[in-house]
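I opened my notebook to see how this model is put together. Here is what I looked up, in the order I looked.

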There are 2 protein chains.
Amino acid sequence: MMLKYYQMNLLLLFSDDFIAPGRVLLSDQRVQHLLLVKKIQLGTQLIVGLVNGRVGQGTVVALQEQQLELLVQLDEKPVEALAVHLILALPRPKMLRRILQTISAMGVKQLSLIHSSKVEKSYWQTPWLAEDKIQQQLIAGLQQAKDTLLPEVTCYQRFKPFVEDVAPALAAQSRAVIAHPGRGEHCAAQLAPHVTLAVGPEGGFSDYEVDKFTQAGFSCCHLGERILRVENVIPVLLTRLMSITQ
Amino acid sequence: MMLKYYQMNLLLLFSDDFIAPGRVLLSDQRVQHLLLVKKIQLGTQLIVGLVNGRVGQGTVVALQEQQLELLVQLDEKPVEALAVHLILALPRPKMLRRILQTISAMGVKQLSLIHSSKVEKSYWQTPWLAEDKIQQQLIAGLQQAKDTLLPEVTCYQRFKPFVEDVAPALAAQSRAVIAHPGRGEHCAAQLAPHVTLAVGPEGGFSDYEVDKFTQAGFSCCHLGERILRVENVIPVLLTRLMSITQ
């Protein structure tokens, strides 16, 4: 990740960062970013948040080249989450990174990455699927969007066990839709408060896969005549399906 | 552009491709894509479209390794365009390419790339702003989305002449909004049939720039508490501002 292009609109803190209640000591990459990009000085105030916790203000009280001390007060709730469980055919590695940031920034808290016949098997071997690498992208998205609640990401390397054993329970608890060009209803705006949304790979789900999803209780929706790339379909669908911001 | 990941849902044709009415001969990169990715054979039918013209069907009637002949019939109107003029602070080169594809795929037909204080001056020197490079990305977006109408892209390397001399006329002809976090009204869905939409660089427009836009007749809108990257803001805003698909 190029430091320069990384937008940190909130500094995400972890419980390990605290040396005392309300007192934070940082000595990792974040310090470089805050110095070089945010150009912080003694006394600078920053928006901060505790991972999976509250947000608030931090004030720089000590500053060295590699080390930074902050006094923090965490008294506000984080932004509202999207009530959507996103099921996504595993994108190719380069796109995966961007999409993890996107879904995290937009407020998705449940992501299932699944196999599909048009997903190359080699994609499952990418180092970007390692837990710490996924985390890194999700954190980038949270810091971009001023959120603190880490999304949960689950991988299903086999399509059939997912669609037969997992998908029906998701569909039973929510309005479950599968986005598929040219099939089903036009995707309505603000469909429901709780949504499970399945998005296929570039090239789409196969007919067999769409049938399996509909058997699991999903209904088809499409976005009209234009076929968009997965990286654009996701923000479009999330915007359409629910009011992403209050 | 990696051939493999390039989605050609419509083959875009140019008047130069025609050797007779309804008869097309291709001998460039498109042939490779159609052979390798689309795996066309003699008799394969393809969705085709004439640039800035109609769409229809093509049938492969002759095929060699480097050369392809098609019989085409163009009898349908292309998908509807978005009635939006997008004004965008010039993104960094890598993102510019993706964004050109995105706006083209989503149906934007008027794009003004402008300077802003947070745009690095060096971005204006990128080879990706050459007319043929821009065209290449726009064509990729059209072929992705099955559209034929090439967007018009205009560059304004100086902010002030643009906002003082060009922006007021755009605002007079449409509902003109500037997307700016934390200022103005929440951005309403389906605001108006004709929209001029200004989107800032990563980090946003400066206060001075926002003031200049409002003086030119633009009103501020924001997307709520989450701050999204430009590449996500664009699909979100286009979806919110208008029904992107009929």
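**Contacts along chain A**

I began with sequence separation: among contacts in chain A with a separation of 6 or more, 74% are between residues 24 or more positions apart. I call two residues in contact if their C-beta atoms, placed from the backbone, lie within 7 Å.

A note on the ground rules: this is a predicted model, where local features need pLDDT of at least 70 and side-chain atom pairs count only at pLDDT 80 or more, while totals for chains, interfaces and linings use all residues. Residues are numbered from 1 along each chain as its sequence is written, and chains are lettered from A and ligands numbered from 1 in the order in which they are written.

**Chain A overall**

I counted six helices and 13 strands in chain A; these are DSSP runs numbered from the N terminus, helices being H or I with at least four residues and strands E with at least two. The C-alpha atoms fill a box of roughly 60 × 35 × 30 Å along the principal axes. Of the 246 residues in chain A, 41% are buried, a label for 20 or more other C-beta atoms within 10 Å of a residue's own, with C-beta atoms placed from the backbone.

The contact between them takes 14 residues from domain 1 and nine from domain 2. On the domain 1 side, β1 (11-13) and β4 (45-50) of chain A each supply at least two residues, and β4(A) gives the most, with three. I sorted that side by class and found nine nonpolar, five polar and no charged residues. Here Ala, Val, Leu, Ile, Met, Phe, Trp, Tyr, Cys and Pro count as nonpolar, Asp, Glu, Lys and Arg as charged, and the others, Gly among them, as polar.

**Chain A against chain B**

How many residues of chain A are in contact with chain B? I found 30, and they meet 30 residues of chain B. The elements of chain A that give two or more residues to this side are α2 (93-106), α3 (131-145) and α6 (230-241). The most come from α6(A), with five residues.

I then superposed the copies by least squares on the C-alpha atoms of residues with pLDDT of at least 70 in both. Chain A can be laid on chain B with an RMSD of 0.0 Å by a turn of 180 degrees and a shift of 0.0 Å along the axis. That is the relation of a two-fold axis. The same surface serves both copies, as 100% of the contact residues of chain A recur in chain B.

**The sheet in chain B**

I traced an open sheet of seven strands in chain B, in the order β9-β8-β7-β12-β10-β13-β11, with parallel pairing; strands pair if DSSP finds at least two bridges between them. β9 (152-156) and β11 (185-186) of chain B stand at the edges with a single partner strand each, so one side of each has no neighbour in the sheet.

**One residue up close**

Last, I looked at B:Leu138, which sits in helix α3 (residues 131-145) of chain B. B:Leu138 is buried, because 23 other C-beta atoms lie within 10 Å. Leaving aside neighbours within four places in sequence, B:Leu138 is in contact with B:Leu100, B:Ser104, B:Leu150 and B:Pro151.

How values were computed
A residue is buried if 20 or more other C-beta atoms lie within 10 Å of its own, exposed if 12 or fewer, and partly exposed in between; C-beta atoms are placed from the backbone.
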